Amino acid sequence: MRRSLGQSEILEIVRRIGAPPTVPYHEHGVLDAIRGELEGAGIATTTDAFGQLHAHLARGTAKRALVFAAHSDHPGFEVIDASGRDGRVRVLGGFRQRVFPSNVPVLVYGDDGRGPVRAALNEPETDVDVMHNSTVVCRIRADDAIRQGEFAVLDMPGVELAGDELRMRAADDLAGCALIVCALLALRDDERPHDVHALFTRAEETGLYGARLAAEDALIPRDAFVISVEASRALPDAEPGKGIVIRAGDLHNTFSNEAESYLRVARERLADAGVSTQRALLHGGTCEASAFVRLGWTASGIALPNVNYHNAAAGGGFAPEIVRLADIASGVALAVEASVAAAEDAPESWWPDVRFVPRPVRDLLSRPRAARR
């Protein structure tokens, strides 16, 4: 039996996973939401020593396992100094707005569940902290007392639907997390062989730290192929509404052909079913596949085209990130079919025809050159 998730079901999962506030080092609410979705569907989860969430789903005998990885954080702010309702916050992650406006509305939360407290940011100052991918410190003024160590997110809805557009505070990468959850739910009742792991990482935005820990400490099977799932900057060759993008590489690296081959097989199968996908080298940022490739793993990636990447409004300032619901559905379908293709170790349709040079051609090219007259 194969289960197909409709867009309405996908939307509800995105809403629940996209609602909790999250910034690097403060991803607990999102991870709790992901855990609730999976365990509510009967899929067991575990948590590693770094607070990262893992799940595993298998059926039959698979020749190759895949690991789908997505990060549970998004750029935001951490309170580094507080006195009553005033204080200072540091940007955590890659907010690089062309214009940092005055009085940026934010919501302040504590890891203990406290909040939200409404506040505003102003007086941005350049203050580079490479370890936390931070370039700015701001003053914060809140409606109630705030505490050092609490965190703040942009004051905008977690998820809003407008036509096919999902306007999200943190599409990168909560939409990617939701995509993986939906793929696991679809595979749960799929009778075809598959062996799929899911990894929901932390602190990607400050330095790919969660993925690096997973690779350094072998927290996932060493012989599995890793597929990074992102909501990455929309580009002319990776347009919203044209399907999930098979990501051949990012700003710094090209990825593993061996891992991507299963995504391409899945793309062929989906094309026969009328499901749109894309393929591109997305140079708009660096994703977790780079961490895995650089640390010796076989890895590739898929990405949702993301408008207003990292909340950068076209005219400066902050805006919701925008991904398409149809692209998430395309990504779920691609993840499912790639998992099955990996289990089969399926070749691409063109490869058997070119694997060996036909004997007549071999002989033709081996002929000695005719003697000059």
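This is a predicted model: local features need pLDDT of at least 70, side-chain atom pairs count only at pLDDT 80 or more; totals for chains, interfaces and linings use all residues.

Biologist: Which residues line the largest cavity?

Modeller: Among them are Pro 20, Pro 21, Thr 22, His 74, Phe 95, Arg 169 and Asn 311. By class, the lining has seven nonpolar, four polar and one charged residues. Arg counts as charged, so Arg 169 belongs in the charged class.

Biologist: How much space lies in the second largest cavity, and what lines it?

Modeller: About 30 Å³ of space lies there. Its lining is Glu 230, Ser 232, Arg 247, Gly 285, Thr 286, Cys 287 and Tyr 309. These residues divide into two nonpolar, three polar and two charged.

Biologist: Now the open space. What is the volume of the largest pocket?

Modeller: That pocket has a volume of about 440 Å³. It is lined by 20 residues, and the closest to its centre are Asn 133, Gly 285, Thr 286, Tyr 309 and His 310. The lining has four nonpolar, 10 polar and six charged residues.

Biologist: Turn to the helices. Why are α1 and α7 called roughly perpendicular?

Modeller: Helix α1 covers residues 7-18 and helix α7 covers residues 325-344. They pack at an angle of about 100°. Angles of 65 to 115 degrees count as roughly perpendicular. The angle falls in that range, so α1 and α7 are roughly perpendicular to each other. Their axes are 10 Å apart.

Biologist: Which residues of α1 and α7 meet?

Modeller: From α1 come Gln 7, Ile 10, Leu 11 and Val 14. They meet Leu 325, Ala 326, Ile 328, Ala 329 and Val 332 in α7. By class, this contact has eight nonpolar, one polar and no charged residues.

Biologist: How do you know that Glu 12 forms a salt bridge with Arg 15?

Modeller: Their closest N and O atoms are 3.6 Å apart. The cut-off is within 4 Å, so the pair qualifies. By this rule the count comes to 22 salt bridges.

Biologist: What separates Glu 12 and Arg 15 along helix α1?

Modeller: About one helical turn, because they are three residues apart in helix α1.

Notes
Residues are numbered from 1 along each chain as its sequence is written. Side-chain values use heavy atoms; hydrogens and water are left out. Axes are lines fitted to C-alpha atoms, for helices over the stretch in contact, and angles run from 0 to 180 degrees between N-to-C directions. Helices (H or I, at least four residues) and strands (E, at least two) are DSSP runs, numbered from the N terminus. Angles under 35 degrees count as roughly parallel, over 145 as roughly antiparallel, 65 to 115 as roughly perpendicular and the rest as oblique. Contact means heavy atoms within 4.5 Å. On a 1 Å grid over the protein atoms alone, a cavity is a set of points where a 1.4 Å probe fits but cannot get out, and a pocket is an open set with protein on both sides within 12 Å along at least five of seven lines; lining residues have an atom within 4 Å of a point. Grid points are joined across faces, edges and corners, and a volume is the space filled by probe spheres set on the points. A salt bridge is a side-chain nitrogen of Lys or Arg within 4 Å of a carboxyl oxygen of Asp or Glu.
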